[in-house]
Amino acid sequence: MTEVADALEEAARTGVPCAPVRSLLPAADIGAAYAVQRLHVERGITAGRRLVGRKIGLTSPAVQRQLGVDRPDFGALFADMAVPEGQPIAPGRLLQPKVEAEAALVLGADLPYRDPTVADLLRATAFALPALEIVDSRIADWDITIVDTVADNASCGLYVLGGTPVPLDRVDLRAATMSLTRNGETVSEGTGADCLGSPLTAALWLASTLAGLGDPLRAGDLVLTGALGPMARAAEGDEFTAHIEGLGTVTTAFASAATEGAAV
Ligand SMILES: C=C/C=C(\O)C(=O)O
């Protein structure tokens, strides 16, 4: 476990992606991959990072096809991975970024049940927000299996939250349409139904899974419920805007080295 966590952390620190880690773990052992992820999270907390929630990954058939996997996974969100809207992402901060549009939920109550219902989830959710997840792989060329991505914190990089909270009685997350543009051109489209049937269904899967692991979702937790459409590659200078029906718009920009530090 230590060797794998070390390799992934070294890749993140140096900006040089590492080889796939699956060969260092027992074949197809997702439990071992989550143990690597837990080690990474424990090291982060020991180093003073603040754990603020979880991301769900691999929820959309389009993303599952892109990565050749067939089930969802989850990763950890730290406060220092949040990028405020209007603050460009510095060049070199990520290795191989791609962008996804998602619905984010912020909990107002604990969700400790192994068998949570939609009613439990609706009662426990304080509000929803539109979100961009900037996924990133510490593994060269995104050559990943489910074991690689789980060990690598579900390939999470950064995230951007929109600023207008929406109560869940104002939005139909299953029916909501999403479109994501890069520099004004549409690069990803989908609906809530493309996210494991509904972002709420994805959140129920996470709540149940974490309760089963004895580490349930808690009041205040942020949940990124998973991509509503295919991931889109990002490069320096790119600007992304997602519109999610009922949730509104969220935007981010990748600074280019040429303009970084220039007066605005
Ligand atoms: C590789 C990462 C995939 C996701 O984050 C997703 O499907 O939402």
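Before you click anything, know that the model is predicted: local features need pLDDT of at least 70, side-chain atom pairs count only at pLDDT 80 or more, and totals for chains, interfaces and linings use all residues. Residues are numbered from 1 along each chain as its sequence is written, and side-chain values use heavy atoms, with hydrogens and water left out.

**Stop 1: the ligand**

Now zoom in on the ligand's oxygen atoms. One is 2.9 Å from a side-chain N or O atom of Glu-100, and an oxygen is 3.3 Å from a side-chain N or O atom of Glu-133. At Ala-227, look at the backbone: a polar atom there is 3.0 Å from a ligand oxygen. These are polar contacts, meaning pairs of N or O atoms within 3.5 Å.

How much of the ligand does the protein cover? The answer is 100% of the 260 Å² of accessible area that the ligand has on its own (Shrake-Rupley method, 1.4 Å probe).

**Stop 2: the shell around it**

Helices (H or I, at least four residues) and strands (E, at least two) are DSSP runs, numbered from the N terminus.

**Stop 3: the largest pocket**

Next, select Ala-12, His-40, Arg-49, Arg-138 and Cys-156, the closest to the pocket's centre of its 23 lining residues. About 490 Å³ of space lies in this pocket. On a 1 Å grid over the protein atoms alone, a pocket is an open set of points with protein on both sides within 12 Å along at least five of seven lines, and lining residues have an atom within 4 Å of a point. A volume is the space filled by probe spheres set on the points.

Highlight α1 (2–14), α2 (30–46) and β5 (156–161), which each supply at least two lining residues. α1 gives the most, with 5.

**Stop 4: the second largest pocket**

Finish with the second largest pocket, which holds about 200 Å³ of space. Its lining includes Tyr-34, Arg-38, Leu-51, Phe-74 and Asp-215. Here α2 has the largest share, 4 residues.

How values were computed: A polar contact is a pair of N or O atoms within 3.5 Å; within protein, one must be able to donate a hydrogen and the other to accept it, and residues adjacent in sequence count only if both atoms are side-chain atoms. On a 1 Å grid over the protein atoms alone, a cavity is a set of points where a 1.4 Å probe fits but cannot get out, and a pocket is an open set with protein on both sides within 12 Å along at least five of seven lines; lining residues have an atom within 4 Å of a point.
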